[in-house]
Amino acid sequence: MKFEELKGRIRSLETVSSWPQMLSLIERVVYRESVSVWEHPVSACRAVGGSEEEAMPAAGAIFCSLISIHLVDDMLDDEPLGDFRSLGVGRTANLALAFQAAGHRLLEEAAAPAAVRAALQASFARMSLATCLGQELDARELVSEEEYWRVVGTKTPPLFSEALRMGALLGGATVAVADQLADVGRVLGRFIQVSDDVTDALETPARADWQRRSNCLPLLFAMTAAHAERDRFRHLSARAGEPEALAEAQKILFRSGAISYCTLKLIELSREAQALFARIPLRDPEPIERLLDVHTRPLFRLLEKVGVQDPAALAVG
């Protein structure tokens with residue numbers, strides 16, 4: 001992907017070009033091939049027969065939205081290294097609003113028919129509104145798995161779903177095909193959220209998830225499911241900042257079935273995404289195939305960790 005060209009398009013927007021803080025935030029973003037969500041519109045556009053150039057407005061809009069989301073998320077999570085620590089809450093919130101507006105400006109400049117541009121604006125607004133709700137819900141302590149899945153459904157899934165939809169529309173896809181790709185993105189977004197939860201729960205030192213245990217699926221399972229070490233886990237997980245307590249709590253995640261349960265959910269979501277993908281009439285399936293492969297690799301590593309011999313076959317079904 002022409003990453004520097006993408007940044008250049010955003011930097012050249014009126015107002016952005018003369019706003020040092022926006023320019024600084026744009027410049028510090030790094031590119032991670034196939035994993036960076038702003039590349040997803042390009043994958044969808046190419047899959048339906050379009051080009052990278054045609055997808056650039058949507059890629060830029062997603063890029064801007066991610067900066068906005070991270071600025072706000074750090075404030076909601078009281079992140080120790082968040083930009084609001086140096087800029088202040090008010091200025092940071094203002095910058096987040098500015099990046100959302102920049103995303104809309106980029107979509108308006110797309111070289112596409114008026115009807116497509118209108119659909120892009122609706123898609124971006126739908127994504128933004130849903131994500132804001134997800135951040136609001138995630139700021140609360142969850143009490144059940146039902147609440148967890150409601151929050152998950154409004155966080156990453158709208159971002160992935162609408163990124164693929166916008167890319168497909170810019171590539172000339174029918175509304176039906178764009179909807180089908182959006183469905184794949186929605187499932188993939190749920191997969192990513194659970195996968196991230198498992199990764200964060202098993203890392204050392206303790207990640208921020210241990211401070212809000214009920215918002216992380218494996219920790220929520222270990223605290224609420226019926227197993228012999230539930231009370232012990234609750235006690236240890238409250239002291240996750242202590243290396244010995246964290247190590248024992250992480251062992252209980254395996255013994256309690258929490259990691260196995262999350263693995264099962266990841267397998268189900270992987271199979272669902274693959275089944276949806278297989279039904280889409282694409283000009284070139286390879287970009288979406290590669291996207292699914294990249295995002296499901298953590299599942300393969302997790303399956304290998306628990307002793308599965310052929311993780312790829314199990315994940316695909």
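Guide: A cavity is a set of grid points where a 1.4 Å probe fits but cannot get out, and its lining residues have an atom within 4 Å of a point. The model is predicted. The count comes to one cavity of 30 Å³ or more. The volume of the largest cavity is about 40 Å³.

Start with its lining. V187, L188 and F191 take part, as do L269, S270, A273 and Q274, and L292 and T296 complete the list. Two or more of these lining residues come from each of α10 (175-202), α14 (258-278) and α15 (286-305). Helix α14 gives the largest share, four residues. By class, the lining has six nonpolar and three polar residues. It has no charged residues.

Now follow α14 itself. T263 is found in this helix. T263 has a relative accessible area of 7%, so it is buried, the cut-off being under 20%. Neighbours within four places in sequence aside, T263 is in contact with L299, L302 and L303.

Next, the aromatic rings. The structure holds seven aromatic pairs. A pair is described by the distance of the ring centres and the angle of the planes. F3 lies in helix α1 and F63 in helix α4, so the pair ties together parts that are 60 residues apart in sequence. F3 counts as buried at 9% relative accessibility. F63 also counts as buried, at 1%. Another pair brings us back to α14. The rings of F221 and Y261 have centres 5.0 Å apart and planes at 25°, so this pair is stacked. F221 sits in helix α11 (residues 217-224) and Y261 in helix α14, 40 residues apart, and the pair links these distant parts of the chain. Both F221 and Y261 are buried. As for F3 and F63, they form one aromatic cluster with Y31 and W38.

Last, an open space for contrast. The second largest pocket has a volume of about 240 Å³. It is lined by 19 residues, and R9, P57, E109, A110 and A111 are the closest to its centre. Helices α1 (3-11), α4 (52-76) and α9 (156-170) each give two or more residues to this lining. Helix α4 gives the most, with five. By class, the pocket lining has 12 nonpolar, three polar and four charged residues.

Terms used: Residues numbered from 1 in each chain as written. Predicted model: local features only at pLDDT ≥ 70, side-chain atom pairs only at ≥ 80, totals over all residues. Heavy atoms only, no water. 1 Å grid on protein atoms, 1.4 Å probe; cavity = no way out; pocket = protein on both sides within 12 Å on 5 of 7 lines; lining within 4 Å. Points joined across faces, edges and corners; volume = space filled by probe spheres on them. Nonpolar A, V, L, I, M, F, W, Y, C, P; charged D, E, K, R; others polar. Buried < 20%, exposed > 50% of the residue type's maximum accessible area, 1.4 Å probe, protein only. Contact = heavy atoms within 4.5 Å. Phe/Tyr/Trp six-rings, centres within 6.5 Å; stacked < 30°, edge-to-face > 60°.
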